[in-house]
Structures are given as structure tokens and as C-alpha cells.
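Below are a few notes on the charged side chains, written as numbered points for you to check against the coordinates.

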Amino acid sequence: MDRFSRDEDSEVRLRAATDPRLSAASAVRLLDDGSVPVRYAAARHPALPARPLVRALRDGELRRHAVLNPAIPESVMHWMIDTALAGLAELRP
């Protein structure tokens with residue numbers, strides 16, 4: 001998969017980005033891919049290490065896709081829930 005993740009064709013890179021055999025290093029590299037769908041798929045890849053995943057969660061473009069990543073650390077999930085609840089509390093009159 002790592003070889004396919006470097007292919008010139010964005011469709012091939014997209015398929016690599018959605019394959020569970022993709023390495024963590026390739027998933028991180030694909031976060032900066034020139035193709036938007038490839039970046040989104042990389043943000044959802046379960047091999048993405050915690051630091052790049054948290055960075056993707058803070059990125060306005062990647063956030064919606066990174067939040068679907070099954071590898072989000074538990075502490076980050078708790079932070080996300082607490083932040084959402086605090087935002088809801090501010091909306092109450």
C-alpha cells in the first residue's frame with residue numbers, strides 16, 4: 001500500500017489511503033496530499049498516530065473527517081465532549 005500511496009494518480013492514492021494495510025508514516029504523509037479526498041481519507045485512517053490525528057482534529061479542513069477516526073485517544077474524546085458541552089451551556093439563555 002505504501003507504494004500505491006505515492007502513485008501519480010489520485011484515485012490510486014485514495015484507495016491506498018482507505019486500505020487498513022497502509023503504514024502510519026504514509027497516512028501522515030497523505031494528510032498533506034494535493035488531492036482533497038485523499039487528505040480526508042488519511043484523516044480517517046486508523047493507523048494515523050495520535051499527534052497527527054490531534055493536529056487534524058484542530059484543522060478546519062480536516063476536522064469533520066478526523067472526528068470519524070476510530071483511533072482517537074480516549075483523553076481526546078473526553079476533551080471533545082467537554083468542549084461540546086461547554087459550548088452548549090453557553091447557548092442556553
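1. Let me start with a question: is R39 buried or exposed? R39 is buried, because its relative accessible area of 13% falls under the 20% cut-off. Please keep in mind that this is a predicted model.

2. R39 also has a charged partner: its side chain meets that of E61 in a salt bridge, at 2.6 Å from N to O. The pair joins distant parts of the chain, with R39 in helix α3 and E61 in the loop between α4 (50-58) and α5 (63-66), 22 residues apart.

3. In total, the structure holds three salt bridges. Another of them pairs D33 with R13, where the closest N and O atoms are 2.7 Å apart. This pair, too, links distant parts of the chain: R13 sits in helix α1 (residues 10-17), D33 lies in the loop between α2 (24-30) and α3 (36-44), and 20 residues separate them. Both D33 and R13 are buried.

4. The remaining bridge is between R21 and D19, with 2.8 Å between the closest N and O atoms. Which side of this pair is exposed, and why? R21 is exposed because its relative accessible area is 62%, over the 50% cut-off. D19, on the other hand, is buried, with a relative accessible area of 14%.

How values were computed
Residues numbered from 1 in each chain as written. Predicted model: local features only at pLDDT ≥ 70, side-chain atom pairs only at ≥ 80, totals over all residues. Heavy atoms only, no water. Salt bridge = Lys/Arg side-chain N within 4 Å of Asp/Glu carboxyl O. Helix = DSSP H or I, 4+ residues; strand = E, 2+ residues; numbered from the N terminus. Buried < 20%, exposed > 50% of the residue type's maximum accessible area, 1.4 Å probe, protein only.
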